[in-house]
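Please examine the sequence and structure before reading on.

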Amino acid sequence: IELVHPSSGDPLPIFDLEEELRQCIVLADSLPSSRPRLGLMTSNNRDAWAQAREKLLQSGGLAMETALERLQSGALLLNLDDEAPVSRQECGDLFWTGGLKSGPNRWFDKSIQIMVTNNGKAGLIAEHSMMDGMPVINFSDFITKMTYAHARRQSTAYQSSPIMVEDIF
C-alpha cells in the first residue's frame, strides 16, 4: 500500500491506510489457495534464490517483473498472519519462520518485515545487510510507543482522496 499521497507527498491519513489494508485482505482472501508461494524461495540461500528469481522473470514476463519490483521498492513488508498465537514460544516460532501456515507469507529478501496476527500480536524481522541495528531499534521503539489514538490525532492533519489498491497495480 502507499504510505504517502502520490501527488502531494503528505502522509496518508490513518483512515486511508486502514481502507487500503482492508482492500488488501479482501484481495488476498479472494485468491485461490493453490497460488504459488513465492515467499518460500527467499528463505533459501542467496545463490539459489537469485537463480529462482531469474527463472520467475523468464517465465512470468513483465507481470512478474512488475510484481517483484513492487516488493523490492517498498519501505517495509507488512505480513498479516491468520494465526492467533498466545504464548511467547508460539509468537517466537510464528514471527521467526512463519510456521507451517504463514511461512510463505515471509519475504526474507526485505530489510524490514512486520508481522501482525489476528489477535493483535506483532513482531519484526530486520535483515541487517541493508541497515544498521540502531535505526531498526529506534523504529521499533517508535511504533511500540505510538498509540492508535495519537496516530489518529496526527492523521487528521492531512486530508487526501482515498487511493484504491487497484489504482496502484
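## The second largest pocket

What volume does the second largest pocket have? In this predicted model, the second largest pocket has a volume of about 180 Å³.

Its lining consists of T42, S43, N44, N45, R46, W49, F108, D109, I125, A126 and E127. Helix α2 (46-73) and strand β3 (122-126) each contribute at least two residues to this lining. Classified by residue type, the lining comprises four nonpolar, four polar and three charged residues.

## The aromatic pair

How many aromatic pairs does the model contain? The count is one. The pair is formed by W49 and W107 in an edge-to-face arrangement, with 5.5 Å from centre to centre and 90° between the planes. W49 belongs to helix α2, whereas W107 sits in the loop between α4 (99-102) and β2 (112-116), so the contact ties together parts that are 58 residues apart in sequence.

Both partners fall under the 20% limit for burial: W49 counts as buried because its relative accessibility is 6%, and W107 counts as buried at 8%. W49 is also one of the residues lining the second largest pocket.

## Cysteines

How many disulfides does the structure hold? The number is zero. As for individual cysteines, C24 is partly exposed, with a relative accessible area of 26%, while C91 is buried, with a relative accessible area of 12%. The assignment follows from the 20% limit, because a residue under that value is classed as buried.

Conventions. Residues are numbered from 1 along each chain as its sequence is written. This is a predicted model: local features need pLDDT of at least 70, side-chain atom pairs count only at pLDDT 80 or more; totals for chains, interfaces and linings use all residues. Side-chain values use heavy atoms; hydrogens and water are left out. On a 1 Å grid over the protein atoms alone, a cavity is a set of points where a 1.4 Å probe fits but cannot get out, and a pocket is an open set with protein on both sides within 12 Å along at least five of seven lines; lining residues have an atom within 4 Å of a point. Grid points are joined across faces, edges and corners, and a volume is the space filled by probe spheres set on the points. Helices (H or I, at least four residues) and strands (E, at least two) are DSSP runs, numbered from the N terminus. Ala, Val, Leu, Ile, Met, Phe, Trp, Tyr, Cys and Pro count as nonpolar, Asp, Glu, Lys and Arg as charged, and the others, Gly among them, as polar. Rings of Phe, Tyr and Trp (its six-membered ring) pair if their centres lie within 6.5 Å; planes under 30 degrees apart count as stacked, over 60 as edge-to-face and the rest as tilted. Buried means under 20% relative accessible area, exposed over 50%, partly exposed in between (1.4 Å probe, protein chains only). A disulfide is a pair of cysteine sulfur atoms within 2.5 Å.
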